[in-house]
2 protein chains.
Amino acid sequence: MKIVGLGGGIGAARLWRALLERVDPAEVTIVVNTGDDLWIHGLRVCPDLDTVLYSLTDRQDPVRGWGLRGETWRCMERLRELGSEGWFNLGDADLATHLFRTGALRAGRRLSEVTADLAAALGLRARLLPMSDDEVETHVLTDAGALHYQEFYIARAASDVVAAVEYRGAQAATPAPGVLEAITAADRIIIGPSNPVASIGPILAVPGVRDAIKAATAPVIAVTPIVSGIRITDAGEQRRADSRAALLAALGLPHTARAAAELFTDLLDAFVLDLADRGEPRRQVSGADVLLAHTLVDDHGRFPPGPIREEDLVDLLLGYTNVDFWLEQE
Amino acid sequence: MKIVGLGGGIGAARLWRALLERVDPAEVTIVVNTGDDLWIHGLRVCPDLDTVLYSLTDRQDPVRGWGLRGETWRCMERLRELGSEGWFNLGDADLATHLFRTGALRAGRRLSEVTADLAAALGLRARLLPMSDDEVETHVLTDAGALHYQEFYIARAASDVVAAVEYRGAQAATPAPGVLEAITAADRIIIGPSNPVASIGPILAVPGVRDAIKAATAPVIAVTPIVSGIRITDAGEQRRADSRAALLAALGLPHTARAAAELFTDLLDAFVLDLADRGEPRRQVSGADVLLAHTLVDDHGRFPPGPIREEDLVDLLLGYTNVDFWLEQE
């Protein structure tokens with residue numbers, strides 16, 4: 001079964017990890033947002049690609065959720081001593097990824113090629129594709145001005161009211177080699193539980209991607225990035241929620257799973273709501289089946305144990321074929 | 001007394017350090033070779049500027065002679081794991097300097113401006129100038145092809161026979177702001193004990209610099225980078241000697257202090273030979289006085305103690321006025 005996963009934030013990376021424990025990695029293509037990518041200190045940094053790379057090769061730090069386990073911060077400490085803006089943290093070991101990538105890009109290689117090299121060097125067996133080799137940057141318009149998404153998210157802790165979101169460069173971008181082909185050939189397309197505006201939106205904004213998904217024969221299933229029924233206790237998760245809420249608000253939408261789903265209803269066959277939100281009325285996402293599962297995966301790609309098969313998100317994603325399947329389960 | 005020092009390798013940096021212990025740093029301008037600079041992994045690295053920066057602010061590693069004391073190598077280790085060329089070592093803390101510089105250059109700042117920012121951040125009170133804000137690269141022609149000087153010197157351990165030396169970009173370069181003015185206003189111009197071909201040659205190859213030194217009213221004194229009478233026991237010093245010998249040979253010159261001096265005889269009022277080479281015939285450097293001193297300074301800018309005043313290199317450099325002064329001492 002050929003699977004295409006879209007999205008590469010922390011939440012999506014956890015789901016891909018759970019998925020890869022169950023299927024042949026050679027059958028999986030992960031298409032990752034690069035709208036968060038930035039040039040900083042002369043380096044090209046690709047947060048979502050790296051989160052997927054590190055997470056799927058068991059290198060990510062479980063406490064921070066991003067970056068490498070056992071990281072040190074000598075370079076950052078000295079950079080701050082030099083009076084440099086220190087808002088974007090770069091670990092000493094993590095820097096190697098950015099140096100490797102930047103050197104290759106400066107030598108004329110494409111981001112998709114460098115990403116393949118990094119994936120091979122780290123032992124990732126699934127195929128990892130940036131959404132595009134062209135530079136696309138997500139900017140948000142706030143009272144503090146137009147900010148690169150990373151500046152909004154990290155430097156300003158996602159605390160600004162966002163009036164508008166712009167995917168700069170998206171209209172002129174082309175999908176990276178393999179993206180459209182993978183979508184067309186897929187048996188299953190999964191939209192990961194990533195920020196729908198900051199992480200999924202840019203992928204769909206690259207001309208050709210949305211149309212390819214619409215035209216694909218595979219069922220398209222999105223997993224909710226929003227679980228209203230479980231209280232957030234982790235600071236990182238809170239910031240991710242704040243960012244989702246601010247960006248959905250910029251589109252006039254509430255911070256709910258249904259609102260997130262509405263952004264993709266033209267694409268979806270099914271939408272997975274978390275069991276904790278089972279109280280929300282089903283079949284409210286226009287044109288899509290609403291499925292139920294535990295959607296919160298831990299860093300190791302594990303789910304809380306559940307009593308019934310339908311609670312296993314991966315089973316659900318792999319087994320879903322059409323509305324009848326779900327009705328049978330119910 | 002306004003002093004201009006030319007050169008920025010390890011040997012010159014030691015001399016500048018000794019000098020700055022004796023004179024007002026505000027009166028000293030150090031003009032540094034940038035022909036060794038390179039783009040690597042997307043970063044702009046300036047070995048000679050950094051050696052002077054670190055040495056004069058007491059940060060340099062005393063064992064390696066280059067880089068920062070107490071350095072760690074996490075980034076390099078991972079870079080090698082990723083399969084990247086690892087011949088150019090970048091320490092974790094040192095990387096901050098390169099990130100700071102590269103980010104500023106990419107943002108449109110000039111190398112001389114970034115260098116001033118770095119010097120200020122590190123507390124260097126002397127004025128530090130790159131020879132030029134334009135990129136000049138020293139390449140050597142060897143049997144292994146044309147190599148960037150750093151590749152010859154570091155990756156290949158200065159072991160190739162060199163047929164020719166080229167200062168790429170030098171003819172189109174202009175001196176950095178302040179270089180010519182400092183030379184013209186100087187009371188004393190000192191050519192440091194750096195590789196005459198790799199470290200002094202590029203500075204003099206920037207159009208205008210050599211003429212400004214010729215036209216300057218200040219005495220011009222070079223300190224020998226070559227001491228034949230003292231056996232080399234240090235691997236780093238041996239490599240520096242091998243490089244000097246290979247580059248002098250490319251010009252048809254032997255590896256001797258006199259040969260080094262001959263490269264600058266159009267500029268020199270005096271040339272300082274090491275006391276260990278006192279047996280060499282004096283007054284053999286055409287048109288220049290030959291002075292004698294201990295020239296090998298340690299990492300702390302200290303000299304071996306000597307019985308007579310003329311053995312103090314800094315005294316000699318500061319006190320020299322003309323040939324009569326030297327004759328009086330003798």
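Q: What is the order of the strands in the open sheet of chain B?

A: Strands of a sheet pair through backbone hydrogen bonds, either parallel or antiparallel. In this structure, the open sheet of 3 strands in chain B has the order E7-E6-E8, with antiparallel pairing. The edge strands, each pairing on one side only, are E7 (145–148) and E8 (162–168) of chain B. From one strand to the next, the twist averages 25°. Helices (H or I, at least four residues) and strands (E, at least two) are DSSP runs, numbered from the N terminus, and two strands pair if DSSP finds at least two bridges between them.

Q: On what conventions do these descriptions rest?

A: The model is predicted: local features need pLDDT of at least 70, side-chain atom pairs count only at pLDDT 80 or more, and totals for chains, interfaces and linings use all residues. Residues are numbered from 1 along each chain as its sequence is written, chains are lettered from A and ligands numbered from 1 in the order in which they are written, and side-chain values use heavy atoms, with hydrogens and water left out.

Q: Over how many bridges do E6 and E8 of chain B pair?

A: Strand E6 (residues 137–142) of chain B pairs with E8(B) over 6 bridges in the antiparallel sense. Within this pairing, B:His139 stands opposite B:Glu166 of E8(B).

Q: Which helix lies across E6 and E8 of chain B at about 40° to E8(B)?

A: That is helix H8 (residues 196–205) of chain B. Helix H10 (residues 235–250) of chain B also lies across E6 and E8 of chain B, running at about 90° to E8(B). Axes are lines fitted to C-alpha atoms, for helices over the stretch in contact (heavy atoms within 4.5 Å), and angles run from 0 to 180 degrees between N-to-C directions.

Q: Which strands pair with E6 of chain A?

A: E6(A) is joined to strand E8 (residues 162–168) of chain A by 6 bridges, the two running antiparallel. Here A:Leu141 has A:Ala164 as its bridge partner in E8(A). E6(A) also pairs with strand E7 (residues 145–148) of chain A, over 4 bridges in the antiparallel sense; these two strands form a hairpin with 2 residues between them. In E7(A), A:Gly145 stands opposite A:Thr142.

Q: Is strand E6 of chain A mostly covered or mostly uncovered?

A: Buried means under 20% relative accessible area, exposed over 50%, and partly exposed in between (1.4 Å probe, protein chains only). Strand E6 (residues 137–142) of chain A is mostly covered, with 5 of its 6 residues buried.

Q: Which parts of chain B does the salt bridge of B:Arg101 and B:Asp50 link?

A: The side chains of B:Arg101 and B:Asp50 meet at 2.5 Å, N to O. The pair links distant parts of the chain, helix H4 (residues 92–106) and helix H2 (residues 47–56) of chain B, with the two residues 51 apart. B:Arg101 counts as buried because its relative accessibility is 0%, and B:Asp50 counts as buried at 4%.

Technical notes: Salt bridge = Lys/Arg side-chain N within 4 Å of Asp/Glu carboxyl O.
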